[in-house]
Amino acid sequence: MAELYELTAADLAAKIASREVSAREVTEAFLARITVAEPSVHAFLTVTPELARAQADAIDTRLAAGESLGPLAGVPVALKDNLCTAGIETTCASQILRGFVPPYSATVAEKLQDSGVVLLGKTNLDEFAMGSSTENSGFFTTGNPWNPDRVPGGSSGGSAAAVAAGEAPLSLGSDTGGSIRQPAAFCGLVGIKPTYGRVSRYGLVAFASSLDQIGPFAHTVEDAALLLTAISGHDERDSTSVPRPVPDYVQALTGHVEGLRIGIPAEYFAEGISPEVRAAVMSAVGVLRGLGAVVDEVSLPYTDYALAAYYIVAPAEASSNLARYDGVRYGMRTARSSNHIELFERTREEGFGAEVKQRILTGTYALSHGYYDAFYLKAQKVRTLLQRDFAAAFERFDLLVTPTTPTTAFGIGEKSNDPLAMKLSDICTIPANMAGIPALSQCCGFDTDGLPVGMQLMGPAFSEETLLRAAHAYEAATDWHMRRPNL
Amino acid sequence: MALTPEDVRSVGSLARLALTDNETERFTHHLNGLLEQFARLQELDTEGVPPTSHAVPVAAALREDLVRPSLPREAVIAMGPQVDEDLGGFIVPQVLGE
């Protein structure tokens with residue numbers, strides 16, 4: 001029989017609800033697994049065993065009293081450490097926030113708590129979610145559970161590695177340019193970047209506010225749908241969240257894709273995509289065709305400009321958002337200042353890592369007097385062109401299928417001295433953020449090194465149900481999602 | 001229009017970010033690489049194209065102007081690196097009359 005830590009969230013929830021196992025037993029199984037896996041994976045910045053046990057016991061008490069609880073009651077989850085959790089250290093993997101304990105929780109954390117979910121801890125990331133490997137973490141690098149010498153992807157690498165290693169059945173990450181989908185691809189998981197505005201960003205430490213979205217990691221499409229349902233919805237504390245009813249996304253998993261129109265954008269299969277990735281994705285498209293989907297090619301001609309526009313928009317917004325780390329209200333403060341200007345400059349010098357500094361400089365330059373029109377305004381216009389590309393494609397297609405990443409997981413240290421090469425790993429994921437549309441990554445095979453390959457599904461705004469339905473049909477026809485790494 | 005290390009240092013000063021000589025050199029090189037990438041955007045004709053303000057159209061989000069409880073002062077200053085709990089504030093270096 002499978003160990004508890006190998007089960008899906010849906011199976012765990014059913015066993016807990018029927019009282020076949022207690023929430024406490026489930027929590028203990030994952031805490032034990034964390035103890036076994038962490039020495040090689042390093043997914044967690046903070047583990048919260050006392051809180052987890054108390055939350056699990058509370059669920060067991062309510063179940064014993066005959067209460068009927070929600071579909072995730074008693075299921076453990078891990079949260080990326082840029083999601084504020086009241087009373088629990090939240091660092092964004094930055095030295096500048098070491099020791100910071102937020103006085104309030106992110107809306108998603110509150111929603112999960114209300115759903116009876118058990119919090120296992122906070123996961124590692126690239127500092128302030130800036131990076132694609134967790135190598136920019138201010139604390140340590142997370143290993144990929146499929147091969148600890150490879151990166152788990154990033155920036156939500158800790159959340160992805162925790163689920164892949166069986167340390168948590170579910171986790172949340174955030175995605176600004178691919179930070180959920182790219183690690184989901186590298187770790188063989190389902191990862192979803194919802195439509196911009198689908199999930200409240202309140203309490204997500206801001207990186208690039210017009211691009212950031214919170215989303216789930218899971219082993220299966222059903223588990224991802226359960227978690228997405230739990231976190232979605234309008235929140236008056238995030239004025240960009242959209243007042244639109246939240247469906248039960250699990251109901252979308254009908255298994256049927258007959259007649260679904262799938263577009264294959266040529267630009268996403270161009271030079272730079274590894275032959276093994278291309279072959280795995282095209283083979284998956286063949287599976288969907290076999291299930292009755294109608295497949296044709298499409299062109300998104302502005303794709304090639306997305307990366308350059310993104311590397312103006314995201315740093316510009318970041319330079320503004322990160323101005324708040326000044327050594328006054330929270331976080332660290334330099335010991336080497338004799339006046340307030342030195343206090344700001346040296347606190348930021350000591351507290352931020354190289355990648356964060358580089359992006360603050362890029363953003364400050366792009367927004368500075370005389371350059372705004374040439375950079376930020378131009379990039380926002382290019383963003384409109386990218387949106388038009390997608391709008392035209394979605395007149396003919398229900399969804400688009402592409403690789404999630406050009407390659408499988410690269411080696412730790414392989415790209416850390418080549419920031420431009422690192423950024424290319426997000427080339428397939430950035431356009432969805434720029435257009436605000438939802439996108440999902442799921443495993444569609446393994447390369448000759450035994451590393452997972454990710455396939456990306458993109459749809460029009462608020463088409464999460466279509467993406468989940470197609471991904472679920474593919475998953476039901478294949479067994480990649482059943483594989484687990486040997487730790 | 002390649003940037004010089006002096007340019008980068010002055011951008012650092014705008015961003016209130018002190019840089020070592022080593023960092024200045026590295027960031028100058030990196031920013032110049034990015035600027036080459038950005039130059040490609042100028043190839044595109046964006047005459048008459050409106051800039052994106054919201055990726056997903058939303059109506060102006062207005063709420064009633066009601067007084068609601070905010071975080072207590074003790075909770076707000078609790079995480080300050082240097083605070084005066086009696087006065088209930090953050091301690092900063094002298095700004096006026098230096």
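Helices and strands are taken here as DSSP runs, numbered from the N terminus, a helix having at least four residues and a strand at least two. On this basis, A:F462 is found in the loop between β11 and α15 of chain A. The structure described is a predicted model. A:F462 has a positive phi of about 65° although it is not a glycine.

An open sheet is formed by 11 strands, in the order β1-β3-β2-β4-β6-β5-β10-β11-β9-β7-β8, with mixed pairing. At its edges are β1 (44–47) and β8 (294–298) of chain A, each of which pairs on one side only. From one strand to the next, the twist averages 30°. Strands of a sheet pair through backbone hydrogen bonds, either parallel or antiparallel. An antiparallel case is provided by β10 (residues 439–446) and β11 (residues 452–458) of chain A, which are joined by 6 bridges. Opposite A:S441 stands A:Q456 in β11(A).

Two helices lie across parts of this sheet. Helix α15 (residues 464–477) of chain A lies across β5 (190–193), β9, β10 and β11, and runs at about 15° to β10(A). Helix α8 (residues 275–290) of chain A lies across β7 (261–265), β8, β9 (399–403), β10 and β11, with an angle of about 150° to β9(A). Helix α8(A) also takes part in a right-handed β-α-β unit with β7(A) and β8(A).

Within that unit, β7(A) and β8(A) are parallel and share 5 bridges. The partner of A:G263 in β8(A) is A:D296. Strand β7(A) is also joined to β9(A), again in the parallel sense, by 2 bridges, and here A:G263 stands opposite A:L400. Strand β7(A) is mostly covered, with 4 of its 5 residues buried.

Burial was also examined for strand β4 (residues 170–175) of chain A, in which 6 of the 6 residues are buried. In a regular strand the side chains alternate between the two faces of the sheet. Both faces of β4(A) are covered, with A:L170, A:L172 and A:S174 buried on one side and A:S171, A:G173 and A:D175 buried on the other. Strand β4(A) is joined to β2(A) by 3 bridges in the parallel sense, and to β6 (residues 213–218) of chain A by 6 bridges in the antiparallel sense. A:S171 of β4(A) stands opposite A:A78 and also opposite A:F217 in β6(A).

Aromatic contacts were then considered. A search of the whole structure finds 16 aromatic pairs over all chains. The ring centres of A:Y365 and A:Y371 are 4.6 Å apart and their planes lie at 35°, so this pair is tilted. A:Y365 is buried, at a relative accessible area of 6%, whereas A:Y371 is partly exposed, at 29%. A:F390 and A:F394 form a stacked pair, with 6.1 Å from centre to centre and 15° between the planes. These two phenylalanines are separated by about one helical turn, because they are 4 residues apart in helix α12 (residues 373–396) of chain A. Both are buried, A:F390 with a relative accessible area of 3% and A:F394 with 14%. Elsewhere, ring pairs link A:F100, A:F128, A:Y325, A:Y330 and A:F352 into a cluster. In chain B, B:R26 lies over the face of B:F27, at 5.7 Å from the ring centre.

Two further backbone features occur in loops of chain A. A:C92, in the loop between β2 (76–80) and α4 (107–114), has a positive phi of about 55° although it is not a glycine. A:C92 counts as buried, at 0% relative accessibility. The peptide bond from A:G154 to A:S155 is cis, with omega near 10°; A:S155 is found in the loop between β3 (118–123) and α5 (157–164).

How values were computed:
Residues are numbered from 1 along each chain as its sequence is written. Chains are lettered from A and ligands numbered from 1 in the order in which they are written. This is a predicted model: local features need pLDDT of at least 70, side-chain atom pairs count only at pLDDT 80 or more; totals for chains, interfaces and linings use all residues. Side-chain values use heavy atoms; hydrogens and water are left out. Two strands pair if DSSP finds at least two bridges between them. Axes are lines fitted to C-alpha atoms, for helices over the stretch in contact, and angles run from 0 to 180 degrees between N-to-C directions. Contact means heavy atoms within 4.5 Å. Rings of Phe, Tyr and Trp (its six-membered ring) pair if their centres lie within 6.5 Å; planes under 30 degrees apart count as stacked, over 60 as edge-to-face and the rest as tilted. Buried means under 20% relative accessible area, exposed over 50%, partly exposed in between (1.4 Å probe, protein chains only). A charge sits over a ring if NZ of Lys or CZ of Arg is within 6 Å of the ring centre and within 35 degrees of the ring normal. A crossover is right-handed if, with the strands pointing away from the viewer, the path from the first strand over the helix to the second runs clockwise.
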